[in-house]
Amino acid sequence: MILRRLAVEGWRCFAGPLELGPLDERINVVHGPNGVGKSTLLGAMIRGLMDNHAARGAEIESLRPDGRDLAPRVTIELEHDGQQLRVFKRFLDSPDSKTSRFEGGRWVPLAEGRMADQQVRDMLDGSIPARGFTSAEHWGLAQVLWAPQGRLHLSELGSSLTGAIRASLGAQMTSPAADRVEKSIADAYSEIYTDTGRVRSGKNAPAIVGLEEQLRKAREARERLRQQLDRFDELSRTIDDLHRQCEDLQRRETILDKELEEAAARAQSYDTLKIQLAQQKEEGKAAEACYRELKNRIETVELAKQNVRELGDQLKKLETDLPRRTEAVERCAKEETEAAAALASVETRREKVAQASRMAEQAAQYHRAKETFDRHEKRLRQAETLQNAVKQILQERGQIIAPDAARWRAIQTAASRRERAEAALHAAMIRVVIEPEGDFEVEITSAERPDVRHASPAEPVELTAAGTVEFRIPGVARFRATGPSESIDSLRAGCETARAELESLLAGFPTRDLGELEELQNRAVDIGDRLIAAQAQLDGLLGGDTLDVLQKQHEQSAAAVERLAAECPDWANAPPDAELLQADARQARQQFDADLEATSRRHRACREANLAADATLRLANSQLDDRRDQLRNTERRLGELLGELNADERLAELKADRDNRALEVQAARANLNRTESALKEFGDDPDEKKRQIERESNELKAELQRKRQQLHDAARDLNQMQDQSPYSALGEVEEEMARIEQSVAVEQLRNDAVRLLYETFRQCRDASVASVVVPVQDRATELLCRITGVPLGAVRFSESFLPEHVVPDGLDGPRELDRLSGGEQEQVHLAVRLALAETLYADQRHLLVLDDVLTATDPNRLARALDLLAEAAERYQILIFTCHPEPYRHLPAARYFDLQAMRQM
Amino acid sequence: MKFLHTADWHIGMKAAHAPAAAQRLRDERLAAARRVVEVAAEHQVDFLLLAGDTFENNGINRTDVRRVALALAEFKGPVYLVPCNHDPLVPGSVWEHPCWTEHENLHVLRAAEPVAVPGGRLYPCPVFTKHATADPTAWIDARADAEIAVGAAHGSVEGVPQDQPESPIPRDAAARRGLDYLALGHWHSTVVSYDRMAYSGTHETTKFDERDSGNVLLVEIAARGAVPRITPIHTGGLSWLSLDEEIRDDGDLARVRQRIETIDDPSRALLNLSLRGMFHADQRTELSRIEEIAAARDFLFHRIDSTGLFPAPKDDGWLADLPVGPLRETARRLQRWSDPATTDQRPDGVTPQVATRALLDFYALWRGGQG
């Protein structure tokens, strides 16, 4: 199809009519600035050729010019299969569609309405969406040839176009026989497998799914039945084992019963012996007790007889010793009385000794008090003397009025300042001294005291003034002395200030003479030093006390002396010799202590001897009484033991009886030993052994009972399992499994064969298509290389014929398109479009539309691309929309349409 | 002494190798048992001796136990049964069934001790476990016997190669134990070539390729020390046909078909047909016909294994009819992969059998469309 003319009216920016054409058969360049309507024109052509005139919706509504209630209209004249055709479409208001053919010099209608729409679409193998405008995938063959603005990239190809490409590439794929076989293979495959290659499930699942489910269940049943059969065998073994165990237990039970019988007999014998032993022990004990009683009785009698003898002897001896002990007591009492008298005699000296000690002590106290008094007296007198000296010095100091040290330093400073001020004043004054040789008058005209003064050799005149001194000596001359003319007022004021300060400091002092004042000050200082020394001496004597304290101490010590002296008035005249008194008192005390110690010791000894003799006497009397009592008691006891028989006869009887009892005891012990030996021969306690065997027997019987119960249970279970015929059931299930497995194998072989056939066929078909697509890829690569000037790489397509990547020379892997630059990408897509177009349309001319493409391509490559387009113009009518017409100017024999100029017309 | 020696009845045996006919096979084994009794009666033997494995397992259906007992009770003379490794004398065994005490002529030999039988003494070797490795006849010493001494044991005669010898029996067991005859069980084939001892084999063939089975032995011993006269008598009622056919020529399949068509009494025949070799695609029809006939003749059981049959590599006549392109390439690839000797790399999981089946399916699709 090639385009001859395109006319629009009421179409977006074209409210009025605009006609593009007649178009050149080769190259047409429609140019104009942005917004002039280039893409609108292309859109009108596409809507006119592809879309239903009755389409509705917002997209269609947007075709109306802004603010105008116009129905969009487009008229397209084209040439297809050697026929001149016209297509007219009106949208929105009274929508309409008509096709007509130029025949015999006029346009003859071909179709109207939907038929007309479809007729045009069929020419381009187009299709329509369910609603809205068509998009590129509906444009059929034009999808490759038409590149609207910004959509040079091929991102998706419609199924009809893909089929057309395949059809062009592989002629055999379109044969009816191949289609039928392919369909049959696909149908067989889809009966078993899903599109993703998984075995179908649900109601459409192939037979193998059901078989495998049956097999799974059969396997579960087989496992269950195997376990049942194993359990059957295990029960059989268990019963066998239990039988053996029961038999073993029964054998052991018999043995134990016999052992128990024997043990019981032994235990009975043992018990009899034990009873016998107990009896023998009791008999032995009784005989021994009887023997011991007799033996004790005899020993008691013999002991009593001996006691009677000994007590008699002791009584006799005590009675003999008693007078001697009485005499000793009396002697000791007398000696104690004498010792007590001697002690009392010594005691009478005690007060005298104490008196001497007190006197000696008092004398010593007197001496100490006297010494204290003397010391206080002396100190008090010294203090009074020093205090008087201080008072005298203070009196002397009070008579001298002199500045203190600070005042004196201030006075000295003020005097110095005054001298410096007076010196400065004096230096500033002019002084003239007139020492006359005779008398004369001096008229002072300018000086401090203008006057007329008399001058004589004895009375010189001194004139002073500040600045000028002028005087005249009549008859002699007028004299004028001048000096510096500075003011002396300030100096004078300073001088006066210094003098006033000095005066104020000297006020109150008896003299203004600084020398005298200094002398006074020195004297005051000297007196002060002496005062300090006297005061320090006084303070040292007082030691922190006051004179009153000293006075009080003095009075106290005097009182103490007087008090002691009052007790011994003689001491006032002749002070005692304390040391002598103390020595005498000490000697008297020592003598007294020694005498007292000796007499006391003797007195204690006598008293103790007296007490001991008395105690001995009392003891002897007590013993005497005691022995008499004992003798009486023993004789009474002996009478009780022997009765009224002759004691010796009775004792002989007792001894004979005792000897008989001794023989009985021996016999009993012998019997006991025999019985114990018999018992020892039994070893361990037969009763315990019997009980142990009984326990074992009971345990064994219980175990046997348990085993029998287990045997019973196992036999019951086995019987139940026999009824279930576990082997037969298992066999049937395994037979069923074998049957299913055979069916599964058959089905699996069938399914595998279908899959293999399907996949093999697909691989072969894809390989076939791939083999024929290679030339197209090569052609795209060649075209791309011509545009870029240098090899960019081999273009590779996907299964759906879309450019997927380029494979640059020398690189290991392919480069995805989105990794190329924007210019390179549009160059690849242009090359691919041209290559696909050559595949699809090798036999007739078609319209190739490029709306503002190659905008990112550099000038050199653009020039090479245009060369390609110029060559392509041999096969295609090329329609270029651009806002930059300059690069296209050198396209040979191109027809240019200035859209802006056309609109202005 | 005249008795019938039989063994290895394996009543209740499962038949997973012929699952479609399993119950029928079990029924046939019982029917054969009844025939054994008939043979015994027919030959008027003194007694009937079952030398082990009467039953397949102790866990079989008790009804079958009773059926066997009833069948044996039909015999007028004594029947001696020896429990062996398949039905050992253990708790829960088939021998505990009351049917064995309900018939006076039935004697389950439960101990290894001699038993008086008509005309002599019988030395049975009952088995008490499923697996035994000792000579079961070791206990027998009949050398001093004056009467005819017959033994009954179950095991493998030494010298027969086997992985794990079970109950090994010396080749001279009969002579060594002083027996006039030792009735053996365990092997399913009939073997009478030993000295004074023989395997009767199973009374009904149990599986395909089981050689010389389906017999019982009629044993006649004239006197103590006399050589026994052993006569095999066929009691089996089934034909187990195992055909392994190699297909080379065009007519081979037709020949196989004709053979199947001429098999007698297919209702008692079990057919296992294995086809090997090369065939041409157009022979697929003949193959289908064989399958159809086997099914139509109602064999007791039939199995046709054609997985050993592969397309002839040079069979490319029909390939020339295919259009050049994917169709023809598909056929060529499948043909190469179906050749077991091909050097082509097959896709994962694809066997020559799968490729053959795919090729045959493809052929059918193509030809179906042509028609």
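These are my notebook entries on a few things I looked up in this structure, which is a predicted model.

**Entry 1: where the chains touch**

I began with the contact between the two chains, A and B. Chain B brings 36 residues to this contact, and chain A brings 40. Next I wanted to know which helices of chain B take part. Helix H7 (326-338) and helix H8 (352-370) each give at least two residues to the side of chain B that touches chain A. H8(B) has the largest share of that side, with 10 residues. I also sorted that side of chain B by class, and found 20 nonpolar, nine polar and seven charged residues.

**Entry 2: a sheet in chain B**

Here I followed the strands of one sheet in chain B. The sheet is open, with six strands in the order E4-E3-E2-E1-E12-E13 and mixed pairing. Which strands lie at the edges? They are strand E4 (106-108) and strand E13 (229-234) of chain B, and each of them pairs on one side only. On average, neighbouring strands of this sheet are turned by 20° against each other, direction ignored.

I then picked out one pair inside the sheet. Strand E1 (residues 2-6) and strand E2 (residues 47-50) of chain B run parallel and are joined by four bridges. In this pair, B:Phe3 faces B:Phe47 of E2(B). Helix H1 (residues 22-42) of chain B packs on the sheet, where it touches E1, E2, strand E12 (215-220) and E13 of chain B. The direction of H1(B) makes about 165° with that of E1(B).

**Entry 3: hairpins in chain A**

A reminder to myself: strands of a sheet pair through backbone hydrogen bonds, either parallel or antiparallel.

A:Arg86 sits opposite A:Ser100 of E6(A). Five residues lie between the strands of this hairpin, and A:Leu92 there has a positive phi near 70°.

Moving on, I saw that E6(A) also pairs with strand E7 (residues 106-112) of chain A, in the antiparallel sense and over six bridges. A:Arg101 has A:Val108 in E7(A) as its bridge partner. This hairpin has two residues between its strands, and A:Gly104 in the turn shows a positive phi of about 60°.

My last stop was strand E13 (residues 468-473) of chain A, which pairs with E14(A) in the antiparallel sense over six bridges. How many of the six residues of strand E14 (residues 477-482) of chain A are buried? The count is zero, and I noted E14(A) as hardly covered.

Technical notes: Residues are numbered from 1 along each chain as its sequence is written. Chains are lettered from A and ligands numbered from 1 in the order in which they are written. This is a predicted model: local features need pLDDT of at least 70, side-chain atom pairs count only at pLDDT 80 or more; totals for chains, interfaces and linings use all residues. Two residues are in contact if their C-beta atoms, placed from the backbone, lie within 7 Å. Ala, Val, Leu, Ile, Met, Phe, Trp, Tyr, Cys and Pro count as nonpolar, Asp, Glu, Lys and Arg as charged, and the others, Gly among them, as polar. Two strands pair if DSSP finds at least two bridges between them. Axes are lines fitted to C-alpha atoms, for helices over the stretch in contact, and angles run from 0 to 180 degrees between N-to-C directions. A residue is buried if 20 or more other C-beta atoms lie within 10 Å of its own, exposed if 12 or fewer, and partly exposed in between; C-beta atoms are placed from the backbone.
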